[in-house]
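Please examine the structure shown below.

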Amino acid sequence: MVRTRIAPSPTGADVHVGSIATALMNFAWAKKNHGQFVIRIEDTDRTRIVPGGEEKMLDTLNRIGLQADESPKVGGPYAPYRQSERLSIYKKYAEELVASGKAYYCICAPERLAKMRQDQQAKKQIPKYDRLCFHDQKNVIKKIRNDQLPHVIRLLIPDGETKFQDVVRGEIVINNENLDDQVLLKSDGFPTYHLGVVVDDHLMKISHIIRGEEWLPSTPKHVILYRAFGWELPAFAHVSLLRNPDRSKLSKRKNPVWTSWYLDLGIYPEALLNYLALMGWSHPEGKEKFSLEEYVEKFDIKDIQTSAPVFDPVKLEWMNGLYIRETKNSILKDQILEFYKAKKVDLDEKIVEKTIPLVKERIKKLSDYLPLCEFFFQPVQRLSLEKDSLYIKSVYEELKTITDWKAEIIGERMLELAKKLGIKNSEFFMTVRIAISGKKITPPLNESMEILGKEECLKRLDSLV
RNA sequence: GGUCCCGUCGUCUAGCGGCCUAGGACAACUGGUUUUCAGCCAGUGAAUCUGGGGUUCGAAUCCCCACGGGAUCACCA
């Protein structure tokens with residue numbers, strides 16, 4: 001049975017787009033194999049918890065359409081799915097490790113640890129705990145009992161080397177000398193990430209751990225833990241991190257990284273997912289656009305790319321444009337209405353409906369709509385007209401005589417007028433365009449004028465005459 | 001710095017020893033459609049496959065080294 005999971009930590013304001021990319025792979029792999037995709041909240045660092053963060057993350061995941069089979073929201077057979085609610089479990093397992101001699105108590109003060117690390121670094125040594133407490137376990141235990149001393153539990157890294165298979169990177173071998181005696185249980189009773197993931201992934205029967213490559217260096221510790229418990233190893237698949245254009249990992253310093261930022265821009269969840277699917281993976285037939293369903297069918301963790309891709313918002317927008325152009329007009333209308341309503345802007349449905357055919361090929365995301373169409377709803381600040389725009393009056397007079405206010409007719413009459421006046425079409429229409437819309441870039445002019453209506457057009461021209 | 005990962009057009013990638021004088025997509029540029037901008041269509045440029053050594057009849061593909069980039073080294077995840 002294939003079971004995958006994502007384990008977000010509510011230490012940010014929202015879900016990072018990179019997390020969506022790995023969530024997508026986890027989702028796809030579970031679905032492809034008719035297994036389950038679970039969401040587990042790893043909130044063990046109470047000092048970094050962002051209020052409302054968990055709520056927001058779950059909400060975003062929901063908006064994006066990656067439904068979890070098990071999560072804090074929907075529950076499941078291995079509940080609770082929030083680590084802060086599983087404290088007694090970690091404690092039990094940590095103690096078990098101490099009992100079997102695979103871990104030990106440590107009462108060293110943070111100050112001592114900090115100084116030790118500093119000294120080691122100064123001497124260019126590998127910063128590692130010196131096992132002071134390990135070598136004095138009896139006394140340490142006595143002190144903890146007698147004085148109620150705060151303490152942690154550390155993993156005793158065995159000698160030798162640790163080896164494991166990574167689905168995307170092959171065999172990974174590391175000399176254990178490079179590993180520190182990792183704290184497993186903190187003095188506040190919360191587990192560290194390392195204990196938490198291993199225990200939960202095992203208990204929740206996670207078969208494949210697909211996560212960012214940032215975890216690769218600490219995976220040997222996890223492997224050691226699995227073996228210390230005598231548990232079977234899951235399959236590990238470390239995927240590359242999304243990068244900034246300068247190749248550093250995608251960060252909010254250099255790029256918008258919160259998923260809802262893109263969604264709130266009017267990027268479709270499907271388009272975001274589709275674009276993200278192309279980061280480190282490619283369709284067997286070379287297709288660029290495909291549905292989630294198709295992705296699930298074609299995806300295989302063995303095909304995941306090892307090199308790290310640069311996140312390109314330009315291509316994302318192109319992808320979204322593809323989706324917009326394939327959206328039915330009536331649906332696109334509703335989406336635009338809804339999109340702006342969420343931003344507290346109420347648009348006239350009739351106008352939006354009429355403008356859709358004109359803008360569908362001109363917008364790449366929903367938020368492109370208003371900048372392009374604002375003049376339909378109200379007169380906008382006008383660009384200044386060229387000095388030789390005196391023929392605006394003729395335009396006004398000509399339009400005034402039109403009785404059948406249709407784009408085609410308006411176009412014919414304007415063309416005639418331009419010819420009569422001896423003005424180049426491009427110049428003439430640009431002038432009219434600015435007079436009517438205030439801008440140089442607009443949807444097709446004749447159609448726009450039809451939508452605006454004769455009265456409104458004349459009014460706008462009149463103010464210039 | 002130690003450890004680990006990675007290295008094909010500007011970007012995303014195809015490529016799994018001969019089909020590669022390296023293919024596609026985005027971006028760029030040119031032309032067409034045209035009343036602006038898009039869209040659409042046609043086309044152009046863009047990678048000595050990071051470099052150097054091997055292995056092989058033959059290497060982008062396998063091996064080694066160098067260089068470059070990244071990640072990671074907490075009672076953070």
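Q: Which element supplies the largest share of the surface near RNA strand B?

A: In this predicted model, several helices and a strand each supply at least two residues of that surface, among them α4 (110-122), β6 (170-175) and α16 (407-421). The helix α17 (425-437) is also one of these elements. The largest share, 4 residues, comes from α17.

Q: How many residues of the surface near RNA strand B are nonpolar?

A: There are 62 residues around RNA strand B, and Ser9, Glu42, Asp45, Val183 and Pro309 come nearest. By class, 18 of the residues are polar and 18 are charged. The number of nonpolar residues is 26.

Q: Which residue is joined to Pro80 by a cis peptide bond?

A: Most peptide bonds are trans. Pro80 lies in the loop between α2 (53-64) and α3 (87-99). The peptide bond there has an omega of about 0°, and the residue that it joins to Pro80 is Ala79.

Q: Is Lys124 buried or exposed?

A: Lys124 is located in the loop between α4 and α5 (137-147). Its phi is positive, about 60°, although Lys124 is not a glycine. Because Lys124 has 6 C-beta neighbours inside 10 Å, Lys124 is exposed.

Q: What is the phi of Arg247?

A: Arg247 belongs to the loop between β9 (235-239) and α8 (259-263). With 8 other C-beta atoms within 10 Å, Arg247 is exposed. Most residues other than glycine have a negative phi. Arg247 is not a glycine, yet its phi is positive, at about 80°.

Methods. Residues are numbered from 1 along each chain as its sequence is written. Chains are lettered from A and ligands numbered from 1 in the order in which they are written. This is a predicted model: local features need pLDDT of at least 70, side-chain atom pairs count only at pLDDT 80 or more; totals for chains, interfaces and linings use all residues. A residue is near a molecule or strand if its C-beta atom, placed from the backbone, lies within 6 Å of it. Ala, Val, Leu, Ile, Met, Phe, Trp, Tyr, Cys and Pro count as nonpolar, Asp, Glu, Lys and Arg as charged, and the others, Gly among them, as polar. A residue is buried if 20 or more other C-beta atoms lie within 10 Å of its own, exposed if 12 or fewer, and partly exposed in between; C-beta atoms are placed from the backbone.
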